[in-house]
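Dear colleague,

I am passing a structure on to you with this message, and below it you will find a short account of what was found. Please have the sequence and the structure open as you read.

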Amino acid sequence: MIFLGSTTVFAQDAGRYPPDMAERVQACTPCHGAQGKGTADPYFPRLAGKPAGYLFNQLEAFKSGRRKYPPMNYLLAFLTDDYLRQFAEYFGDQRPALPSRSPTEASKAVLERGHVLVTQGDLERSIPACASCHGGSLTGQAPGIPGLLGLRASYISAQLGGWRYGTRTAKTPDCMQLVAGRLTEDDVRAVAAYLADQPQPADPAPSPGGSYSLPFACGSQPEGGK
(Lines give C-alpha, C1' and ligand atoms only; values in the text may rest on other atoms or scores of the structure.)
Protein backbone atom coordinates (compact mmCIF):
# COMPACT_ATOMS: atom_id res chain seq x y z
CA MET A 1 0.00 0.00 0.00
CA ILE A 2 1.72 3.04 -1.30
CA PHE A 3 1.01 6.78 -2.15
CA LEU A 4 -2.18 8.98 -1.33
CA GLY A 5 -5.30 7.89 0.42
CA SER A 6 -7.74 9.16 3.09
CA THR A 7 -9.63 12.07 4.60
CA THR A 8 -10.39 10.26 7.84
CA VAL A 9 -9.11 11.97 11.00
CA PHE A 10 -7.92 9.93 13.96
CA ALA A 11 -7.52 11.09 17.54
CA GLN A 12 -4.01 11.02 18.92
CA ASP A 13 -4.90 9.85 22.42
CA ALA A 14 -3.96 6.42 23.77
CA GLY A 15 -6.32 3.43 23.84
CA ARG A 16 -7.54 3.76 20.28
CA TYR A 17 -7.32 0.00 19.77
CA PRO A 18 -7.74 -3.03 22.08
CA PRO A 19 -4.75 -3.97 24.27
CA ASP A 20 -4.51 -7.35 22.52
CA MET A 21 -4.18 -5.76 19.07
CA ALA A 22 -0.65 -7.14 18.64
CA GLU A 23 -2.16 -10.63 18.79
CA ARG A 24 -5.04 -9.73 16.50
CA VAL A 25 -2.74 -8.57 13.71
CA GLN A 26 -0.72 -11.79 13.65
CA ALA A 27 -2.57 -12.73 10.46
CA CYS A 28 -0.85 -9.77 8.80
CA THR A 29 2.65 -10.81 9.86
CA PRO A 30 3.46 -13.47 7.21
CA CYS A 31 3.09 -10.91 4.43
CA HIS A 32 3.83 -7.56 6.10
CA GLY A 33 6.27 -8.58 8.84
CA ALA A 34 6.20 -8.18 12.62
CA GLN A 35 4.74 -4.77 13.55
CA GLY A 36 4.16 -4.26 9.83
CA LYS A 37 7.87 -3.57 9.29
CA GLY A 38 7.97 -5.33 5.93
CA THR A 39 9.71 -8.48 4.74
CA ALA A 40 12.19 -9.49 2.07
CA ASP A 41 9.31 -10.02 -0.36
CA PRO A 42 9.29 -6.88 -2.53
CA TYR A 43 5.59 -7.01 -3.33
CA PHE A 44 4.24 -6.77 0.22
CA PRO A 45 4.70 -3.24 1.54
CA ARG A 46 5.75 -1.91 4.91
CA LEU A 47 2.75 -0.73 6.95
CA ALA A 48 4.48 0.51 10.09
CA GLY A 49 4.47 4.23 10.72
CA LYS A 50 2.26 5.26 7.82
CA PRO A 51 -0.51 7.70 8.78
CA ALA A 52 -3.53 5.86 10.13
CA GLY A 53 -5.82 7.76 7.77
CA TYR A 54 -3.88 6.50 4.77
CA LEU A 55 -3.86 2.93 6.04
CA PHE A 56 -7.59 2.97 6.77
CA ASN A 57 -8.33 4.23 3.28
CA GLN A 58 -6.34 1.39 1.74
CA LEU A 59 -8.07 -1.19 3.92
CA GLU A 60 -11.44 0.25 2.96
CA ALA A 61 -10.45 0.22 -0.71
CA PHE A 62 -9.57 -3.46 -0.53
CA LYS A 63 -12.78 -4.20 1.37
CA SER A 64 -14.92 -2.43 -1.23
CA GLY A 65 -12.99 -3.88 -4.16
CA ARG A 66 -11.76 -0.52 -5.43
CA ARG A 67 -8.26 -1.92 -4.96
CA LYS A 68 -8.15 -5.41 -6.38
CA TYR A 69 -6.00 -8.12 -4.80
CA PRO A 70 -8.07 -11.25 -4.06
CA PRO A 71 -6.38 -12.31 -0.77
CA MET A 72 -6.85 -8.83 0.73
CA ASN A 73 -10.35 -8.46 -0.75
CA TYR A 74 -11.36 -11.78 0.85
CA LEU A 75 -9.74 -11.14 4.24
CA LEU A 76 -11.38 -7.75 4.70
CA ALA A 77 -14.78 -8.34 3.10
CA PHE A 78 -16.67 -8.90 6.35
CA LEU A 79 -14.73 -6.68 8.77
CA THR A 80 -16.39 -3.53 10.10
CA ASP A 81 -14.98 -0.06 9.47
CA ASP A 82 -14.34 0.34 13.20
CA TYR A 83 -12.25 -2.81 13.20
CA LEU A 84 -10.33 -1.61 10.14
CA ARG A 85 -9.65 1.69 11.90
CA GLN A 86 -8.18 -0.19 14.84
CA PHE A 87 -5.85 -2.05 12.48
CA ALA A 88 -4.85 1.22 10.81
CA GLU A 89 -4.23 2.99 14.11
CA TYR A 90 -2.16 0.09 15.44
CA PHE A 91 0.16 -0.07 12.45
CA GLY A 92 0.34 3.71 12.25
CA ASP A 93 1.73 3.76 15.80
CA GLN A 94 4.50 1.24 15.13
CA ARG A 95 8.09 2.46 14.65
CA PRO A 96 10.34 -0.53 13.88
CA ALA A 97 13.57 0.21 12.01
CA LEU A 98 13.41 0.23 8.24
CA PRO A 99 14.51 -3.03 6.59
CA SER A 100 18.07 -3.24 5.32
CA ARG A 101 18.48 -1.76 1.87
CA SER A 102 19.25 -4.17 -0.93
CA PRO A 103 22.22 -3.26 -3.12
CA THR A 104 20.92 -1.29 -6.07
CA GLU A 105 21.57 -2.35 -9.64
CA ALA A 106 20.59 1.09 -10.93
CA SER A 107 23.25 3.16 -12.64
CA LYS A 108 24.49 6.47 -11.30
CA ALA A 109 22.61 8.26 -14.09
CA VAL A 110 19.33 6.53 -13.18
CA LEU A 111 19.74 7.37 -9.50
CA GLU A 112 20.52 10.98 -10.35
CA ARG A 113 17.39 11.22 -12.51
CA GLY A 114 15.39 9.77 -9.64
CA HIS A 115 16.94 12.28 -7.24
CA VAL A 116 15.90 15.18 -9.48
CA LEU A 117 12.31 13.97 -9.85
CA VAL A 118 11.92 13.19 -6.15
CA THR A 119 13.44 16.44 -4.88
CA GLN A 120 12.75 18.93 -7.69
CA GLY A 121 10.19 17.43 -10.07
CA ASP A 122 10.01 18.46 -13.71
CA LEU A 123 8.32 21.83 -14.18
CA GLU A 124 8.31 21.60 -17.98
CA ARG A 125 6.06 18.54 -17.74
CA SER A 126 4.08 19.80 -14.72
CA ILE A 127 5.47 17.05 -12.50
CA PRO A 128 5.82 18.21 -8.88
CA ALA A 129 8.59 16.84 -6.71
CA CYS A 130 7.62 13.79 -4.67
CA ALA A 131 8.95 15.69 -1.66
CA SER A 132 6.42 18.49 -2.19
CA CYS A 133 3.64 16.13 -1.05
CA HIS A 134 5.46 13.39 0.85
CA GLY A 135 7.73 15.80 2.74
CA GLY A 136 11.39 16.68 2.60
CA SER A 137 12.25 13.59 4.65
CA LEU A 138 9.82 11.50 2.53
CA THR A 139 8.02 10.30 5.68
CA GLY A 140 4.57 11.60 4.66
CA GLN A 141 2.04 13.86 6.35
CA ALA A 142 -1.02 12.98 8.43
CA PRO A 143 -3.75 12.11 7.86
CA GLY A 144 -3.51 10.79 4.31
CA ILE A 145 -0.03 11.02 2.77
CA PRO A 146 2.21 7.98 3.30
CA GLY A 147 5.96 7.82 3.71
CA LEU A 148 7.89 6.43 0.74
CA LEU A 149 10.86 4.85 2.53
CA GLY A 150 11.39 1.20 3.45
CA LEU A 151 9.77 -0.03 0.21
CA ARG A 152 11.40 -2.10 -2.51
CA ALA A 153 11.93 -0.61 -5.96
CA SER A 154 9.76 -3.25 -7.63
CA TYR A 155 6.84 -2.44 -5.33
CA ILE A 156 7.14 1.32 -5.89
CA SER A 157 7.36 0.77 -9.63
CA ALA A 158 4.28 -1.47 -9.62
CA GLN A 159 2.22 1.06 -7.67
CA LEU A 160 3.25 3.95 -9.90
CA GLY A 161 2.29 1.78 -12.86
CA GLY A 162 -1.11 1.19 -11.26
CA TRP A 163 -1.67 4.93 -10.93
CA ARG A 164 -0.46 5.55 -14.50
CA TYR A 165 -2.83 3.03 -16.05
CA GLY A 166 -5.81 3.64 -13.78
CA THR A 167 -5.84 0.29 -12.02
CA ARG A 168 -5.27 2.10 -8.74
CA THR A 169 -7.39 5.15 -7.92
CA ALA A 170 -8.24 7.46 -5.04
CA LYS A 171 -10.81 10.11 -4.20
CA THR A 172 -11.01 12.91 -6.76
CA PRO A 173 -9.09 14.94 -7.53
CA ASP A 174 -6.85 11.90 -7.78
CA CYS A 175 -3.43 13.49 -7.34
CA MET A 176 -1.34 10.41 -7.83
CA GLN A 177 -3.09 9.46 -11.04
CA LEU A 178 -2.57 12.98 -12.38
CA VAL A 179 1.12 13.00 -11.48
CA ALA A 180 1.94 9.42 -12.40
CA GLY A 181 0.21 9.83 -15.75
CA ARG A 182 2.90 12.34 -16.72
CA LEU A 183 5.75 9.97 -15.90
CA THR A 184 7.50 7.84 -18.51
CA GLU A 185 8.54 4.27 -17.81
CA ASP A 186 12.12 5.50 -17.44
CA ASP A 187 10.94 8.10 -14.91
CA VAL A 188 9.17 5.39 -12.91
CA ARG A 189 12.27 3.20 -12.82
CA ALA A 190 14.42 6.13 -11.74
CA VAL A 191 12.08 7.27 -8.95
CA ALA A 192 11.62 3.71 -7.67
CA ALA A 193 15.37 3.02 -7.65
CA TYR A 194 16.18 6.29 -5.88
CA LEU A 195 13.52 5.91 -3.19
CA ALA A 196 14.47 2.30 -2.46
CA ASP A 197 18.10 3.38 -2.04
CA GLN A 198 17.44 5.99 0.67
CA PRO A 199 18.52 5.45 4.30
CA GLN A 200 16.24 5.69 7.30
CA PRO A 201 15.72 9.31 8.38
CA ALA A 202 16.51 10.44 11.91
CA ASP A 203 12.78 10.70 12.64
CA PRO A 204 10.64 8.29 10.58
CA ALA A 205 7.32 9.67 11.87
CA PRO A 206 5.02 11.42 9.37
CA SER A 207 4.64 15.17 9.73
CA PRO A 208 1.52 16.41 11.54
CA GLY A 209 -1.38 17.44 9.33
CA GLY A 210 -1.02 20.97 8.00
CA SER A 211 2.76 21.03 8.41
CA TYR A 212 3.17 22.16 4.81
CA SER A 213 0.92 22.99 1.87
CA LEU A 214 0.51 20.72 -1.13
CA PRO A 215 1.23 22.05 -4.63
CA PHE A 216 -2.38 21.41 -5.71
CA ALA A 217 -5.74 20.29 -4.35
CA CYS A 218 -5.83 16.60 -3.56
CA GLY A 219 -8.87 14.53 -2.67
CA SER A 220 -6.85 12.24 -0.44
CA GLN A 221 -5.60 15.02 1.84
CA PRO A 222 -8.13 17.51 3.22
CA GLU A 223 -7.22 21.19 3.06
CA GLY A 224 -4.84 22.05 5.88
CA GLY A 225 -4.15 18.35 6.47
CA LYS A 226 -7.04 18.03 8.94
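Please keep in mind throughout that this is a predicted model. In the protein chain, 74% of the contacts with a separation of 6 or more are between residues 24 or more positions apart.

The secondary structure of the protein chain consists of 10 helices and zero strands. The radius of gyration is 16 Å, close to the 17 Å that the globule rule gives for 226 residues, so the protein chain is as compact as a globular protein of that length. Along its principal axes, the C-alpha trace spans about 50 × 35 × 35 Å.

As for the surface and the interior, buried residues make up 49% of the 226 residues, while the protein chain exposes about 10900 Å², of which carbon and sulfur atoms supply 56%.

Nine of its 12 residues are buried, so helix 10 is largely enclosed by the rest of the structure; among the buried ones are Asp-187, Tyr-194 and Leu-195. Which helices do the buried residues of helix 10 pack against? They pack against helix 6 (108-119), helix 7 (130-134) and helix 8 (153-165).

With best wishes

Note on methods:
Residues are numbered from 1 along each chain as its sequence is written. This is a predicted model: local features need pLDDT of at least 70, side-chain atom pairs count only at pLDDT 80 or more; totals for chains, interfaces and linings use all residues. Side-chain values use heavy atoms; hydrogens and water are left out. Helices (H or I, at least four residues) and strands (E, at least two) are DSSP runs, numbered from the N terminus. The radius of gyration is taken over C-alpha atoms; the globule rule is 2.2 Å times the number of residues to the power 0.38. Buried means under 20% relative accessible area, exposed over 50%, partly exposed in between (1.4 Å probe, protein chains only). Contact means heavy atoms within 4.5 Å. Accessible areas come from the Shrake-Rupley method with a 1.4 Å probe; for residues, only the protein chains shown count as cover.
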